Amino acid sequence: MKGYWLYCHAIWLFQLLQVAFNVDVNVIEDANSPFPTAIATCLQGVQTNFRSPFWRINVLQFPFQKSVSQATRFVRDYAKNVIQERQEAILRGDDTPLDILAHILSMAESEPSLTLEDMVDEFVTFYVAGQFHFFMYFNSLGLRFSNPD
């Protein structure tokens, strides 16, 4: 059953990144892709922070904190690279898709105070919210199809 949920996670990760940002992280073909693990580690860090607000000062949690920091850095660096590649493509005059990333970049053009870090925040926020939405959708589908009534 765990393999099924990991495969579903890979499918909605692929769909979300493909539709929203036109990026392929090769998570379906490559079972060892670091992206799903990094996202899961980041979300686990958020969950741990809510459950135990003082986990940052717990010495026994330092290895876990380091893994959360590395995963967060990986996701944010990936988002920054995607944004910069899209900006370079726009400057070259390449055809770029009309997706969420295009909207974020158009907002940055109209609002000069929007920095690259702000765009990375928007990218990651939209991704996490979209992942939660897809998870709830697939979960409800799984419950619906598991109930024969």
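1. Leaving aside residues up to four places away in sequence, Phe123 touches Phe21, Ala79, Val82, Ile83, Leu101 and Ile104. Phe123 is also listed among the residues with the most contacts inside the largest nonpolar core.

2. The model is predicted, and confidence should be read before anything else. The protein chain has an average pLDDT of 81, and 87% of the residues score at least 70. Confidence is highest in helix 3 (residues 62–92), with a mean of 92, and lowest in helix 1 (residues 2–21), with a mean of 71.

3. The protein chain has five helices and zero strands, so the order of elements from the N terminus reads α-α-α-α-α. Of the 149 residues in the protein chain, 30% are buried. Taking contacts between residues at least 6 apart in sequence, 57% join residues at least 24 apart.

4. Which residues have the most contacts inside the largest nonpolar core? They are Leu17, Phe21, Phe35, Ile83, Leu101, Phe123 and Tyr127, in a core of 27 residues. Two or more residues of this core come from each of helix 1, helix 2 (34–51), helix 3, helix 4 and helix 5 (116–146). As general background, nonpolar side chains in soluble globular proteins tend to be buried together.

5. The next point is the packing of helix 3 and helix 4. Two packed helices are described by the angle and the distance between their axes. Here the axes of helix 3 and helix 4 (residues 100–110) come within 11 Å and cross at roughly 75°. Angles from 65 to 115 degrees count as roughly perpendicular, and helix 3 and helix 4 are therefore roughly perpendicular to each other.

6. Which residues make this contact between helix 3 and helix 4? Helix 3 brings Val82, Ile83, Arg86, Gln87 and Ile90, which meet Leu101, Ala102 and Leu105 of helix 4. By type, the residues of this contact divide into six nonpolar, one polar and one charged. Val82, Ile83 and Leu101 are also among the residues that Phe123 touches.

7. One backbone detail deserves a check. Asparagine 22 has a positive phi of about 55°, although it is not a glycine. Most residues other than glycine have a negative phi. Asparagine 22 sits in the loop between helix 1 and helix 2. Is Asn22 buried, exposed or partly exposed? Asn22 has a relative accessible area of 40%, so it counts as partly exposed.

Key:
Residues are numbered from 1 along each chain as its sequence is written. This is a predicted model: local features need pLDDT of at least 70, side-chain atom pairs count only at pLDDT 80 or more; totals for chains, interfaces and linings use all residues. Side-chain values use heavy atoms; hydrogens and water are left out. pLDDT is the predictor's confidence in each residue, from 0 to 100. Helices (H or I, at least four residues) and strands (E, at least two) are DSSP runs, numbered from the N terminus. Axes are lines fitted to C-alpha atoms, for helices over the stretch in contact, and angles run from 0 to 180 degrees between N-to-C directions. Angles under 35 degrees count as roughly parallel, over 145 as roughly antiparallel, 65 to 115 as roughly perpendicular and the rest as oblique. Contact means heavy atoms within 4.5 Å. Ala, Val, Leu, Ile, Met, Phe, Trp, Tyr, Cys and Pro count as nonpolar, Asp, Glu, Lys and Arg as charged, and the others, Gly among them, as polar. A nonpolar core is a set of buried Ala, Val, Leu, Ile, Met, Phe, Trp, Tyr and Cys residues joined through side-chain atoms within 4.5 Å. Buried means under 20% relative accessible area, exposed over 50%, partly exposed in between (1.4 Å probe, protein chains only).
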